[in-house]
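Please look over the sequence and the model shown here before reading the short report that follows.

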Amino acid sequence: MILVLFGISAVVFIMLKLTPGDPAATMLGVQATPQELARVRHAMGLDRPWAAQYGLWLRNLLAGDFGVSYISRKPVAELIATRFPVTLELTVLAMLLAAVIGIPAGIISAARRYSSLDYSITSFALFGVSMPSFWFGILLILFFSLYLRWLPSSGYAAFDRGLVEHLKHFVLPALALGLFLSGSLARFTRSSMVETLAREFIRTGRAKGLSERVVVYRHALKNALIPTVTVLGLQFGFLMGGAVIIEQVFAFPGVGWLALIAIGQRDYPVVMGVVLVIAAVFAVSNLLVDIAYTWLDPRIRYEGRA
Amino acid sequence: MSQFDRLAADFWTGRISRREFLARAAALGMSAGFVGQVLAGRLPKAAAGSIEPRRGGTLKVGLDGEIDTIDPHKSVTIVGFQVYTQIYEALVRANPQLDGMLPTLAERWEQPDPTTYVFQLRRGVRFHNGKELKAEDVAFSFERIMDEKFASPRRPNFLPVKRLEVVNDYTVRFTMSAPFGPFLSKLENLYILPKVPANDFARQPIGTGPFSFVEWVSGQHITMRRNNTYWQENLPYLAGVQFRPIPEPSTRVVALRTGDIDVMNAVPPKDVSTLEKDSKIKVYRVNGVVRDHLGFQMQKPPFMNNPNLRLALSWATDRKTIADDVLFGLAKPAWAPIPESHWAFNPKVRNAHGYDLDRARRYLAEANPKPTQITIKVSPTYPDQIKMAELLQASLSQIGLRLNIVQLEWSTWIREVVSQGDYESEIVLISGGIDPDDFFYQWFKSGQVFNLWRYNDPRMDEMLDKARLSTVQKDRQALYFQIQEKLMADAPLSHIIYRESVVPTTADLRDYVMTGRYDMDFRRVWLAR
């Protein structure tokens with residue numbers, strides 16, 4: 001995992017350096033003369049070879065120092081620490097919403113295959129996976145904030161403004177972010193359920209007179225959930241990526257928005273810090289998926305364990 | 001009571017000076033007849049029983065992005081300007097029509113000779129930390145900007161200043177190395193900080209402005225409260241201001257319509273008509289200083305030494321359609337770099353080039369060389385300009401000239417067009433300033449960074465230098481008139497439109513005065529709710 005993170009940081013660093021633009025130019029604004037730019041670039045160490053710049057960044061990182069933002073002069077660790085919990089909460093809520101909507105929808109759809117309910121659920125799922133989340137987000141804002149006036153249009157409310165106010169601000173962004181996942185979860189759950197329901201042990205269950213409810217929920221579901229859990233785990237990382245756009249639409253102060261601003265300003269230390277944190281979350285969520293397998297399917301065991 | 005009446009009442013009751021009344025009347029678009037009536041002492045009926053503005057309330061402002069820094073000597077963003085100008089003030093400030101300076105922390109100034117300016121500071125002004133404003137603070141702020149290691153983006157404004165001397169506690173003297181006409185307007189950038197060198201102004205701002213800093217929660221809000229010791233008596237009316245970054249334009253518009261915010265910046269032109277129909281919203285519009293132009297690389301073929309080709313393109317530019325269809329009517333055709341309301345604008349250049357394809361065809365026939373196709377570089381960062389290029393492409397195809405549109409990522413556009421001059425023609429928008437020098441010198445003088453067209457004309461250089469060195473407005477005006485006529489004839493660029501400056505607010509916000517830039521002045525506004 002450490003190796004993966006190291007690789008990612010190196011790739012991102014090179015990509016940043018290949019992107020046109022320059023933090024010194026952002027700092028000095030449009031009036032800067034070439035001499036002034038050169039002086040500031042020198043002071044910031046931007047005129048040194050890439051490898052040396054990367055090495056310095058890595059050395060500081062190993063000492064626990066993420067560096068300081070070029071633009072706001074705040075420590076990167078502090079910036080991420082205040083914003084990461086917001087993104088994490090948004091992502092978890094989006095995932096919960098997606099699971100609560102998508103998995104039951106898929107189960108019902110599979111249990112009542114080819115019914116009108118199945119068709120409406122599969123259409124919804126197709127809508128979910130095809131709709132761009134930022135556009136859906138704007139539609140949600142127009143409908144729930146402008147037309148119905150039920151929910152705030154944007155922004156974040158900290159816990160000190162009360163749990164209800166706090167959650168109210170999360171509803172629309174979490175829905176917008178979770179839409180794609182709920183659609184794909186419904187599709188995965190449905191196909192995997194359909195497959196499981198056709199298997200022999202289900203026929204046996206039905207033959208020995210178990211109720212349909214027990215067949216579906218006790219026997220089929222646990223077996224059918226394996227691919228769904230895979231999707232859920234892998235999607236967690238993608239959701240964090242999707243949060244970049246959703247945070248922008250809803251003016252939500254998470255790391256995604258922070259990264260977007262930092263990329264625009266070529267604020268390298270901030271971009272590197274955020275990418276590293278998101279990559280770490282991605283790696284950890286994949287690890288959790290692997291661990292969840294062993295619980296869902298006792299046949300799966302990893303080597304090297306007792 | 002209307003804004004006009006309120007303003008008339010302010011003037012009558014002595015709350016504002018005659019000079020300020022005239023400036024604000026012009027900014028509100030008040031008719032000459034009305035202004036005359038008020039000055040003659042005939043107050044309109046409605047204003048007779050002057051309603052006291054309501055005090056209190058927090059104004060919530062939605063901005064299109066997070067500010068870069070709140071340090072006024074460091075920030076380079078428009079949102080930064082909109083935020084730090086509530087906290088900080090300079091010796092002077094631009095008048096609402098943006099063609100002259102009004103006294104602010106300086107009460108008055110004089111110019112004993114062309115290279116010397118002496119400023120008398122206003123007495124009894126206090127910083128938010130309680131310290132009284134003295135000349136040492138002006139010197140401290142000036143030295144902070146000029147410190148090379150500090151790398152302030154404001155520094156280039158003051159390079160012509162040879163030295164600043166503290167004469168006494170309330171008097172400072174600036175000495176220039178040569179006469180420098182635009183000096184007063186540049187002083188707008190010298191935000192005055194108290195002489196507290198140990199303070200980190202990026203985190204703990206201290207100024208003299210109408211609002212003092214409370215907190216900045218990154219990504220959420222910047223909050224300020226009323227400065228109770230503000231030098232302009234009884235102002236501001238608001239109890240506080242809160243800025244919220246809402247980067248997505250559609251979300252910002254909804255936030256305004258639902259009352260989550262009271263004012264917004266950077267309104268998308270397509271949404272203005274919807275907002276104007278909303279009875280809870282008031283939309284302020286004035287002619288702006290931001291303009292779009294079509295420019296030509298003057299040192300490379302096919303436009304080098306080819307005025308007829310340049311004029312052909314200028315006459316094939318349909319300014320009115322661009323203003324009406326691309327900018328949804330929120331723009332006006334432009335001919336000069338300087339707005340028509342400015343004292344340095346030459347009325348003779350108005351309508352000097354129109355949309356006339358027959359004429360364009362004739363110029364093209366006389367062009368030497370006469371190309372069959374040309375390229376234009378634009379950036380999708382400014383999608384309007386791609387549409388402008390497409391309209392031009394359609395016009396040019398009618399006169400037998402093919403226009404290839406090349407789209408470049410913004411920083412690549414800057415590198416190729418501005419830094420390297422590697423292009424044939426371009427369309428981009430640029431913003432102006434206050435002094436005419438801001439509109440001309442750095443753009444049209446040979447060798448200047450922003451002379452993207454590589455326009456190099458000794459006569460133009462001479463006139464620009466003369467206008468810069470002169471400090472007599474009448475002489476400068478005559479020079480700038482000649483400069484504009486020469487620009488129309490040489491056509492290193494062809495102006496397309498002036499964009500309107502638009503600010504939508506809640507209808508509850510009263511007495512808002514806007515400018516053609518992006519200023520947000522909340523000293524006199526109040527909330528009727």
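In which handedness of crossing does α8(A) pass α10(A)?

## Basis of the model

This is a predicted model, in which local features need pLDDT of at least 70 and side-chain atom pairs count only at pLDDT 80 or more, whereas totals for chains, interfaces and linings use all residues. Residues are numbered from 1 along each chain as its sequence is written, while chains are lettered from A and ligands numbered from 1 in the order in which they are written.

## A helix pair in chain A

The crossing of α8(A) past α10(A) is right-handed, meaning that the near helix is turned clockwise from the far one by less than a right angle. Helix α8 (residues 163-197) and helix α10 (residues 212-250) of chain A pack with their axes 8 Å apart and at an angle of about 160°, so α8(A) is roughly antiparallel to α10(A) (an angle over 145 degrees). Helices here are DSSP runs of H or I with at least four residues, numbered from the N terminus, and axes are lines fitted to C-alpha atoms over the stretch in contact, with angles from 0 to 180 degrees between N-to-C directions.

## The contact between the chains

Chain A gives 35 residues to the contact and chain B gives 28 residues, where contact requires C-beta atoms, placed from the backbone, within 7 Å. On the side of chain A that touches chain B, the largest share, five residues, comes from α7(A).

## E136 of chain B

E136(B) lies in helix α6 (residues 135-146) of chain B and, leaving aside residues up to four places away in sequence, touches V166(B) and K195(B).

Definitions and conventions
Helices (H or I, at least four residues) and strands (E, at least two) are DSSP runs, numbered from the N terminus. Angles under 35 degrees count as roughly parallel, over 145 as roughly antiparallel, 65 to 115 as roughly perpendicular and the rest as oblique. Two residues are in contact if their C-beta atoms, placed from the backbone, lie within 7 Å.
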